Amino acid sequence: MLQSIVSYGLAVGAVYALIGITYNVMFSASRVFSFTAGMLGMLGGVLGAIFINKWGINAALALLLVLACGALLGIVTEVLTVRPVLKSVEQHLYVLSTLAFALMIQQVVAIEFGTEAYPFPVLIPIDPASIWGAIDQKFWLPVLACAVTIAGLEFLYRKTLIGRAFLAIAEDSYAARALGLPETRLRMASYALAGVIGALAGFTGAQMLLAFFGNQSILNFYGFVPVALGGMGSNRGAVIGGLALGLFQQAANFLVGGIFAAVAVFAVFIVVLLLRPEGLAGAATARRV
Amino acid sequence: MTDTAARMPARPGGTSLLGRLEGKLSWIALGLAGLLLPLLDDSYIGLIAQRACIYWILSAGLNLVVGYAGQIAIGWVSMLTLGAYTTAALTAGNVGAPWHPYLALVASAVIGAVFGVIVGLPALRLRTFYFAMTTLGFATIVTQVALAWKSVTGGGVGTPGPVFPWPFDPGWGFYYFCFLLAAVATWMTANIASSRYGRALIAIRDAEVAAEASGVAKPRLLMMVFLLAGALGGVAGGLFSSLQSYITPDAFTFEMSVLFFIGILIGGRGSILGPALGTIILTVLPEFAAPLVQWSTFLYAALLLLIVLVIPGGIADLLDYRNRRPLEQHREIAPRPELLPRLLGERRRGELLSLKGIELSFGGVRAIAGLDLEIRPGEVHGLIGPNGSGKTTTLNVISGYYAPQKGEVTLGSSVLPPGAPHLRAPHRIARTFQTPRVIGAASVLENVMVGGTIDGQGSFAESLLTLPRHRRDEAHLREAAMLALATVGLESLAAVRADRLQHSELRFVEIARALMLRPACLMLDEPAAGLSAEEIRRLGALIKAVSRAGTAVLLVEHHADLIFDICDRVTVLNLGKILAAGTPAEIRSHREVVSAYLGA
């Protein structure tokens, strides 16, 4: 039992962590939380299933296609739902515009793809008897994706010029613009990057979570919990929070049953936030007057 | 002459009979249409009308949360779910002996109110998106519990809804029940909206800092509103369970939440009529577009996106032609300081505001490094110094936005609690802001009335039912606000939306709002910035008159002329410390001040 709690918990936690990072990447670039994070995760699974099962494309190519679609949707999100309301961020219209866009996409999926959960194909042909098949790939794939994403982001932010530009925008967008950084294009690039990460989360997690249109709202909520707990904008917080959430949820699942696990996660979320609104990692509050 | 001018038309738009009717007329038409609907004798229309009424009962409460308080509660469908299951489970006898349906409906209201407060709790501390997420999470959980708790809810199979007995039996009887309750919900929420509580809600939404400075206690007020909205949602749920006659968890989809939300947004924030029309339209519309049923959620979502991007103001803004009439071009602000005694009260015992040993640092930056200051009643005390010397920070310490690490602030004999901005108004400490913080969407008069919030006597419940104390409060606040506007010279703009005013006028609106407190201490943060020379002269005369009426005035300003003209004492700050203090004449000849700040 312990083994399945750990393997399943870490795997689903890695998916939550990746969705959390998706939220963070969009937030850093625009100070906006976007409801499209869960949508990207959902689409990663659904599009993957369509490409591989229906169209017979091979897995590697399908992954590339899915990531490309994620990037495209990220850009559309930025242009259509974020940029027009960015001027009045304090009115929080972005909550509604991104929610509306995510719902539209979800409805198209529900109508065109179906409202049932479909199985996702095995991506890497491994002999379960061999040493590599000791742990099911549906468990280690998301964890691997999470590790690769973290390493990639670290490299991007620390070693490349464009990554430093991302950081500059996140730190102080006015100053960054004054330095001549093309804020709009960098924001679009961030949203594209977020799209890739979200789609990757969905694609690698789909053997476990299935290709299901309802994953959108689940991932939206459970992907946001690590962000809220770990402090917004902090990828390290998101990864730790995501893995912890996955383990907690699976443990609760086994110990008290699925429904109460959901209630328990929700209760912990509310209580922690009421006690520490800035998240467990902590962050200063902004100047108000 | 002064008297007539101070008693100018008080109701926004109430200048003519037509203006007064244009709001009420729509309600009368809507009410008549609702009452006479059974004459059509079409049970299908009756069914749609029942649904519209039920949806509106929930939306009326949600409208206060979303449209007025600006809290993005996207998962309010959970209240409908809770109410429906409460009524259904109680009448069916799933919990103990079967209840009478009407009694069960009351229980639904109570359950809704309780959970409304629980769900609303996070809004007090969390950022907007977090709150949206928690309401969404709660809606998901309620459905999951409904699925799992088979003994009470019937699980996925569901449970039958109640049938209300005479006089509101199924058919037109039940319709009148829904219609009646919808009318009551409308009446109550409209009462709140037009009360000081409603204005305080809008103030929290659009100018939270100013709301706190006016003494609005956000947590208490929001709890009241969540309680009311939850109770209305619960009642709507109870009626909904009877309308459905059989309820399952799939009946309460997230799409319904979106529908309620869009209804309010189409209608426009800060309006009751608009959201009511929006809800009716959205309920009726799908009935005429049967082939599109499959796509209805997609269309709702598209509509939501369209509204947010194209008409964030909603129907209410489109209908508001009164505020599209051009304003007079060359307006003049002519303050009338002679009205001050009437506004502030004739005989006033002034109180001394004093700061002792205040120290405040942000990280490694020492913003205030040991500051002692005394501001005496009846005097204007100037606070000057270069940028970053700690002037506004001092103001923020006094008004409670910052809690100093050392030292205390006292007014008269009482020590002011550090870091509690909404507790300054009861001590009669008022302030204005460097950038005016006004509610753009409200009229100038309403903005000023917010300043008198703490002088209201009536409770939330009294406002809900327009009891006499509420009406007295309103009359009193309105009269005082008109007087305050006349004093600063803006009474002709009372009915105009505040976001149509010029910058200089907004500065005077803020002063009028501050005067509503009959302040013992008035703090002005660069009131002359952006004013013309003539306006500065009039401002100076007004400030001086306010101080002579027994108020301690603290003036932060960069206009040296104004400072030396009207101040009785001047303190010069530099790097969070006092560089010099004394009479204007002494300061003007102070060598260090001249070299550091004033220039040769």
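Tyr197(B), Ala200(B), Leu201(B) and Ile204(B) of α9(B) meet Lys218(B), Leu221(B) and Val225(B) of α11(B). By class, the residues of this contact comprise six nonpolar, no polar and one charged. The structure is a predicted model.

- Two packed helices are described by the angle between their axes and the distance between the axes.
- Helix α9 of chain B spans residues 196-206 and helix α11 of chain B spans residues 218-244; their packing angle is about 115 degrees, and their axes are 11 Å apart.
- Angles of 65 to 115 degrees count as roughly perpendicular, and α9(B) and α11(B) are therefore roughly perpendicular to each other.
- The crossing that α9(B) makes with α11(B) is left-handed.

**The four-stranded sheet**

- Strands of a sheet pair through backbone hydrogen bonds, either parallel or antiparallel.
- In chain B, four strands form an open sheet with antiparallel pairing, in the order β4-β3-β6-β7.
- The edges are held by β4 (365-375) and β7 (414-415) of chain B; each has a single partner strand, so one side of each is left without a neighbour in the sheet.
- β3(B) pairs with β4(B) in the antiparallel sense, over eight bridges.
- Within this pairing, Leu353(B) has Ile375(B) in β4(B) as its bridge partner, and Glu359(B) stands opposite Ala369(B), also in β4(B).
- The hairpin of β3(B) and β4(B) has two residues between the strands, and in this hairpin Gly363(B) adopts a positive phi near 60 degrees.
- β3(B) is also joined to β6(B), by five bridges, with the two strands running antiparallel; here the bridge partner of Leu355(B) is Val409(B) in β6(B).
- Strand β6 of chain B, residues 406-411, is in turn joined to β7(B) by two bridges, again in an antiparallel arrangement; Thr410(B) has Val415(B) in β7(B) as its bridge partner.
- Helix α17 of chain B, residues 391-398, lies across β3 (353-362), β4 and β6 of chain B and runs at about 65 degrees to β4(B).

**The six-stranded sheet**

- A further open sheet of chain B has six strands in the order β8-β9-β10-β5-β11-β12, and its pairing is mixed.
- At its edges stand β8 (429-431) and β12 (577-582) of chain B, each with a single partner strand, so one side of each is left without a neighbour in the sheet.
- On average, neighbouring strands of this sheet are turned by 20 degrees against each other, with direction ignored.
- Strands β9 (residues 521-525) and β10 (residues 552-556) of chain B run parallel and are joined by five bridges; Leu522(B) stands opposite Val553(B) in β10(B).
- α17(B) packs on this sheet, where it touches β5 (380-384), β8, β9, β10 and β11 (569-574) of chain B, and its direction makes about 145 degrees with that of β9(B).
- Helix α25 of chain B, residues 591-598, packs on the sheet as well, touching β5, β11 and β12 of chain B; its direction makes about 120 degrees with that of β12(B).

**Domains of chain B**

- The domain assignment divides chain B into domain 1 (16-322), domain 2 (339-428 + 520-600) and domain 3 (432-517).
- Taken over C-alpha atoms, the centres of domain 1 and domain 2 of chain B are separated by 48 Å.
- Domain 1 of chain B and domain 2 of chain B each give six residues to the contact between them.
- On the domain 1 side of chain B, the residues touching domain 2 of chain B divide into three nonpolar, two polar and one charged.

**Contact between chain B and chain A**

- Chain B contributes 35 residues to the contact with chain A, and chain A contributes 31 residues.
- On the chain B side, α6 (128-148), α12 (254-267) and α14 (296-310) each supply at least two residues.
- The largest share of that side comes from α6(B), with 13 residues.
- The side of chain B that touches chain A has, by class, 26 nonpolar, eight polar and one charged residues.

Definitions and conventions
Residues are numbered from 1 along each chain as its sequence is written. Chains are lettered from A and ligands numbered from 1 in the order in which they are written. This is a predicted model: local features need pLDDT of at least 70, side-chain atom pairs count only at pLDDT 80 or more; totals for chains, interfaces and linings use all residues. Domain bounds come from an automatic or database domain assignment. Two residues are in contact if their C-beta atoms, placed from the backbone, lie within 7 Å. Ala, Val, Leu, Ile, Met, Phe, Trp, Tyr, Cys and Pro count as nonpolar, Asp, Glu, Lys and Arg as charged, and the others, Gly among them, as polar. Two strands pair if DSSP finds at least two bridges between them. Axes are lines fitted to C-alpha atoms, for helices over the stretch in contact, and angles run from 0 to 180 degrees between N-to-C directions. Angles under 35 degrees count as roughly parallel, over 145 as roughly antiparallel, 65 to 115 as roughly perpendicular and the rest as oblique. A crossing is left-handed if the near helix is turned anticlockwise from the far one by less than a right angle, and right-handed if clockwise.
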